Amino acid sequence: MKRKQFDDFYFVKDGKIHTLDEVQDRYEKNNGDISYFQGRMRCPECKEAILSFTRKTSSRREYLSKEPSSSHLDNCSYKNDYASKKQIIEYVETMNDNQIQDKLKSALNMLMNRDTSTDININSQEQRDNPLIIKSSNVGNSIQRTIPRKSLSMWLDKEYEGKVFIFYGKVKLKVEPFKEFFRLLIYTKKRDKTWGYKTKVFRIRFKDKIDENKEYDIAILGYLDFSYGSTPEIKLVKYNSLLYR
Ligand SMILES: [Zn+2]
C-alpha cells in the first residue's frame, strides 16, 4: 500500500499547524536546508508520529510521510487503512441529512481549529468518536476505516480522480447560475496570498446564499471529476454532503 501523505503538520517549535508548502518554500530558498523543520514535524492529528519531508523529483511532487520508526496514537485516524469509495458511500447511505451535516461539522472542527493544543485532545472521551473514522463491515466483521482528507490548498491531481475525500480549507465562494441550476465556485489563497479559482461543486437547483467577500471554512465529502477538462469539479457523495460557515 502507498504510504500516507500529509498536507500539513503540527510544528513542535510553535505548537501550530503548518503546511507542506512552507517546507517546500524553505527548501527552495535555503538550497535544500530544512533543518528548521526536520525532526520537529508531527502528525497534525495525534501530534505524536514524526513526519519527514521528501523532496520533489521530475516525476512526482514533494510530500510528507511518517517516519517508519515512529507511531500514531491509538485513536489517530491515520492509523487505519483508508476507506474505499464504496465503503464511504455505503456508510453515508445509512445516515440521514442531519447526521451527515453533524459529521461534517465535527470534521470541520477537527480539521480547521487546530492551532491551540487544547482543542484536540486525542485522549479525551470526545475524541474517541473521531469524525474521520467510520465503521465498515468485512465478511460480517466490523472494521475501522478512515475517510482520507485533502486540503483544498493542495494540488487536486488527476491521480485522485474518483477517490472519495473530505476536502477542507479556508475558501472564498461564489455562485454561478447555469440554466436553472447553480454551481458553487471555490477560491483558495495561493502562495502569493492572492485568491485563485480552484474548483466548483454542482449544486443542482440549490442556490447558496454567499457573501463573496467573506472567508469561509468548508468541508466537502466528494470526489474529483475531470470530465470537463484539466480543472476538476467536485462531485458530492450526497446532495447535502457539503458544509461551510
Ligand atoms: Zn497521528
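User: What makes the contact between the side chains of R183 and E176 a salt bridge?

Analyst: In this predicted model, local features need pLDDT of at least 70, side-chain atom pairs count only at pLDDT 80 or more, and totals for chains, interfaces and linings use all residues. Residues are numbered from 1 along each chain as its sequence is written, and side-chain values use heavy atoms, with hydrogens and water left out. A salt bridge is a side-chain nitrogen of Lys or Arg within 4 Å of a carboxyl oxygen of Asp or Glu. The N to O distance for R183 and E176 is 3.5 Å, so the pair qualifies under the 4 Å limit.

User: Why is R183 called buried?

Analyst: Buried means under 20% relative accessible area, exposed over 50%, and partly exposed in between (1.4 Å probe, protein chains only). R183 has a relative accessible area of 14%, so R183 is buried. E176, at 26%, is partly exposed.

User: What makes R191 and D25 a salt bridge, and which parts does the pair tie together?

Analyst: The closest N and O atoms of R191 and D25 are 2.3 Å apart, so the pair meets the salt-bridge definition. R191 lies in the loop between β10 (181-189) and β11 (195-202), and D25 in helix α1 (residues 20-29), so the pair ties together parts that are 166 residues apart in sequence. Helices (H or I, at least four residues) and strands (E, at least two) are DSSP runs, numbered from the N terminus.
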